[in-house]
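Visitor: I have a structure open and would like to talk it through. Could you go over it with me?

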Amino acid sequence: MYQTIILGSLLLVSLYILKRVREPKKNMPPLVRYKFPIIGHTYSYLFNCEEFLKQCKAEYGDIFSLYVWGQVKTIVGKEYSQEILSRDDAFSFAVAFNRRFPGGELLKNLGSISPTRLLKDYIFCKLNFYSERMQKSLYLATQKYIDIGDHNEQKTFNNMYYLMTRIISTPIANIFLGEEEYQYDEIINTFAEITSDLSLFLIIPPILDIIYPGLQNYFNCILIRTGIYNPALKHQDILIKHINNQVCKRLQEKDKYGDSWKRPDDFLQDIMELDGFDSNNVNCSSLADKICALLFASIHTTASGCANVFMDLASRPQYMQELYEEQLEVHKEADENGVLPFEALNNMKKLDSFVRESFRLSGHIVSLEHVVLKDYTFSNGLQVPKDRIVNIYAEDVYQDESLQGPNPKSFEPFRHVDVNASAAKIGKNYLSFGGGKHACPGRYFAINEIKFFMHNMILNYNFRTASGKIEKRRMIGPMALPSSGGIIIEKRVK
Ligand code: HEM
């Protein structure tokens with residue numbers, strides 16, 4: 001028995017060595033020197049990322065590798081970042097995400113239809129149609145959550161991100177689940193909280209990966225499978241309950257009214273009627289998982305983008321008047337209910353530029369983690385092997401004068417006005433929405449929502465930071481989150 005195990009192990013080791021010897025040697029990116037085995041660069045990457053990466057780049061060049069959480073990852077600077085985004089045969093954002101996030105375990109009933117396809121087919125082609133509902137539900141939510149009594153009162157809000165998750169979720173719930181369900185607090189709370197609850201899997205450091213790459217995700221899957229920890233369950237139950245109510249109600253009404261039935265126009269109705277739809281056997285768990293997947297992509301991203309834009313303006317009151325005058329002009333196009341035509345978004349040029357500047361300076365030091373799908377040679381000859389994690393060195397892109405124009409580090413809100421670069425326009429100098437074939441398909445939806453929200457806030461409220469200073473992003477390692485500094489909001493006296 002022991003002999004077999006020893007012989008087997010020797011054979012495996014010999015095969016491994018033979019394979020390594022036969023493999024042609026790759027021209028890999030330089031691995032930055034480190035002092036302590038196992039820990040490698042983990043400490044510097046987490047606690048001194050900005051300075052550390054600057055030093056690495058100065059010493060090792062545009063592409064270099066680090067040893068973080070027991071794995072080698074490659075950081076790719078501005079010159080080569082577009083190769084990662086444009087070569088989807090060689091790099092994948094989705095595979096990298098699924099390696100860290102146990103989505104398959106959490107959303108078991110998702111089915112095979114890609115959420116991107118569903119969004120493109122049923123939401124993004126109808127942005128104009130949904131615009132009025134988006135505005136009305138946004139304004140209702142703004143009044144509800146930014147609840148300031150009369151003119152003289154002012155209120156301090158200490159966590160804009162929390163507030164924004166609720167406000168942003170309201171129009172999304174309206175469009176996804178319909179005109180009735182979005183009015184339930186239970187639904188808005190689920191929409192607002194699901195991402196942060198599930199994000200724990202992404203935020204907790206992958207400590208077990210130090211023992212073996214992938215072990216952390218395996219462990220997380222076991223936690224979910226055995227029922228020890230599953231943060232999605234309570235949200236799925238709430239969604240299933242509401243979807244079930246709607247489905248029953250809609251099917252009954254359709255039966256009752258026949259041809260005169262007014263079909264609800266929302267995403268739920270669209271996905272209920274997908275191919276293979278059987279009115280006697282609607283799978284509400286599958287519908288709920290499809291919605292969950294989209295919530296994960298849409299709520300945190302839009303809410304944190306919007307919180308950043310709002311905090312950035314509150315931090316720089318000197319730009320308020322110019323933006324106010326633009327919004328006042330745009331508002332002349334509104335109807336008697338204060339609803340703007342969809343086209344009015346194009347006339348918010350200064351606001352759009354402000355939003356783009358806020359996204360440009362989002363504060364992420366590295367972003368867009370991808371997995372290498374097959375051995376790849378960058379145009380400078382450096383090679384990364386299959387399965388390697390690569391990250392884009394975002395700060396290198398955003399602090400480069402040739403890509404960003406003069407003073408790339410400073411917040412210049414109107415720098416994009418005359419250069420035909422809208423807030424949703426992707427490009428090699430703007431990575432917020434990724435790039436190439438897989439660039440975020442929800443970016444127009446998100447930017448429209450943020451612009452409608454800001455339009456309303458600028459016209460109706462005054463706001464400033466409680467500290468009177470510029471509120472900076474909160475950093476967690478290389479990742480930035482909106483500041484939680486206080487904001488004072490009061491009604492604008494017109
Ligand atoms: C400010 C808000 C948003 C930001 C910053 C953002 C950012 C991103 C990024 C960086 C990617 C990866 C792109 C790549 O692989 O190159 C992505 C993908 C995606 N986003 Fe967004 N997103 C936002 C809003 C939304 C919204 C509102 C939706 C849906 C309603 C959405 C749906 C998606 C989907 C489905 C994908 C996957 C695309 C694919 O793999 O082909 N996103 N997003």
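Visitor: What percentage of the residues in the protein are buried?

Guide: Buried residues make up 37% of the 494 residues in the protein, where buried is defined as having 20 or more other C-beta atoms, placed from the backbone, within 10 Å of the residue's own. This is a predicted model, in which local features need pLDDT of at least 70 and side-chain atom pairs count only at pLDDT 80 or more, while totals for chains, interfaces and linings use all residues. Residues are numbered from 1 along each chain as its sequence is written.

Visitor: And how many helices and strands are there?

Guide: The protein has 19 helices and 12 strands, these being DSSP runs numbered from the N terminus, with helices (H or I) of at least four residues and strands (E) of at least two.

Visitor: Why does the radius of gyration agree with a compact globule?

Guide: Because a compact globule with 494 residues would have a radius of gyration near 23 Å, and the protein has 25 Å; the value is taken over C-alpha atoms, and the rule is 2.2 Å times the number of residues to the power 0.38. Along its principal axes the C-alpha trace spans about 80 × 60 × 35 Å.

Visitor: Now the sheet: what is the order of the strands in the open sheet of 5?

Guide: The order is S1-S2-S8-S5-S3, with mixed pairing, and two strands pair if DSSP finds at least two bridges between them. S1 and S3 (91-92) are the edge strands, each pairing on one side only.

Visitor: How do S1 and S2 run, parallel or antiparallel?

Guide: S1 (residues 63-68) and S2 (residues 71-76) run antiparallel and are joined by 6 bridges, with Leu-66 opposite Lys-73 and Tyr-67 opposite Val-72. Their hairpin has 2 residues between the strands, and Trp-69 takes a positive phi near 50° there. On to S8 (residues 389-392): S2 runs parallel to S8 through 4 bridges, and Ile-75 has Asn-391 as its bridge partner.

Visitor: Changing topic, which residues come nearest to the ligand?

Guide: Phe-93, Thr-301, Gly-434, Cys-440 and Gly-442 come nearest, out of 24 residues around the ligand, a residue being near if its C-beta atom, placed from the backbone, lies within 6 Å.

Visitor: Which helix supplies the largest share of that shell?

Guide: H14 does, with 6 residues. Helices H5 (93-100), H7 (115-122), H14 (284-315) and H19 (443-460) each supply at least two residues of the shell.

Definitions and conventions
Buried ≥ 20, exposed ≤ 12 C-beta atoms within 10 Å, placed from the backbone.
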